[in-house]
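Q: I am new to this structure and would like to learn how its features are read. Could we go through them step by step?

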Amino acid sequence: MQALLKDVVPFEENEGLLEVEAEDFHHKSNNGSPRDWYVRSKTSIVPIKDIILEDHADSASGEAYLEALPDTRVTHDDTLVKNENFFGVPGTGGTVSYKVKIQNPGTYYVWVRAYSTGSEDNGLHVGLDGEWPESGARMQWCKGKNSWAWSSAQRTKEKHCGIPQKITLNIKEKGIHYVTFSMREDGFEFDKFILSKAVDFRPE
């Protein structure tokens, strides 16, 4: 990733805060899977035949977002196919990466704004510099269905709707880093993300 994005201008953290639109990714890959991230906006065209998509661009930040498509598992009754419409292992599904410049290293809480319509399109993973720490696995949304909602909760065996503010990245050194999100479930709609060092920070 470092060589691939060497000439890309990074997003810069300021006073422990960094906010980035999902569609402004620096690198995207389907990671060899049958799913990919597509930019959704008022004018975008998704080149997938025989699917009808709801459009949530009007209410998205910047009137654009990313969606993991095609979406074949919307509810729990739909067939789960590992490594096709469900990616339980972080980094195995389609990815989007962002080059960032950090001036204040430390633990950052990761917040993501997402739109969830079904019970099986509400999961995401996040990693740093090509690694996938447990602290970035299984970001989960349960509340705020059919609307854009922020979450930093991590799904566990005991709490399927997640424990709030458990998704973090430990950035040990100042300088250039690479934040990467990977699919957990197809159909996921990804609007933007925030990294914050403040434990009491809450996105508006």
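This is a predicted model: local features need pLDDT of at least 70, side-chain atom pairs count only at pLDDT 80 or more; totals for chains, interfaces and linings use all residues.

Q: Which residues have the most contacts inside the largest nonpolar core?

A: As a general idea, nonpolar side chains tend to be buried together in soluble globular proteins. Here the largest nonpolar core has 31 residues, and those with the most contacts inside it are Tyr 98, Val 112, Phe 181 and Phe 190. Several strands each supply at least two residues of this core, including strand S6 (95-102), strand S7 (106-115) and strand S13 (175-183).

Q: How many aromatic pairs are there, and why is the pair of Tyr 65 and Trp 148 edge-to-face?

A: Ring pairs are read from the distance between centres and the angle between planes, with planes over 60 degrees apart counting as edge-to-face. The count comes to 10 aromatic pairs. The rings of Tyr 65 and Trp 148 have their planes at 70 degrees and their centres 5.3 Å apart, so this pair is edge-to-face. Because Tyr 65 lies in strand S5 and Trp 148 in strand S10 (residues 148-151), the pair ties together parts that are 83 residues apart in sequence.

Q: Is Tyr 65 buried or exposed?

A: Buried means under 20% relative accessible area, so Tyr 65, at 0% relative accessibility, counts as buried. Trp 148 also counts as buried, at 12% relative accessibility.

Definitions and conventions
Residues are numbered from 1 along each chain as its sequence is written. Side-chain values use heavy atoms; hydrogens and water are left out. A nonpolar core is a set of buried Ala, Val, Leu, Ile, Met, Phe, Trp, Tyr and Cys residues joined through side-chain atoms within 4.5 Å. Buried means under 20% relative accessible area, exposed over 50%, partly exposed in between (1.4 Å probe, protein chains only). Helices (H or I, at least four residues) and strands (E, at least two) are DSSP runs, numbered from the N terminus. Rings of Phe, Tyr and Trp (its six-membered ring) pair if their centres lie within 6.5 Å; planes under 30 degrees apart count as stacked, over 60 as edge-to-face and the rest as tilted.
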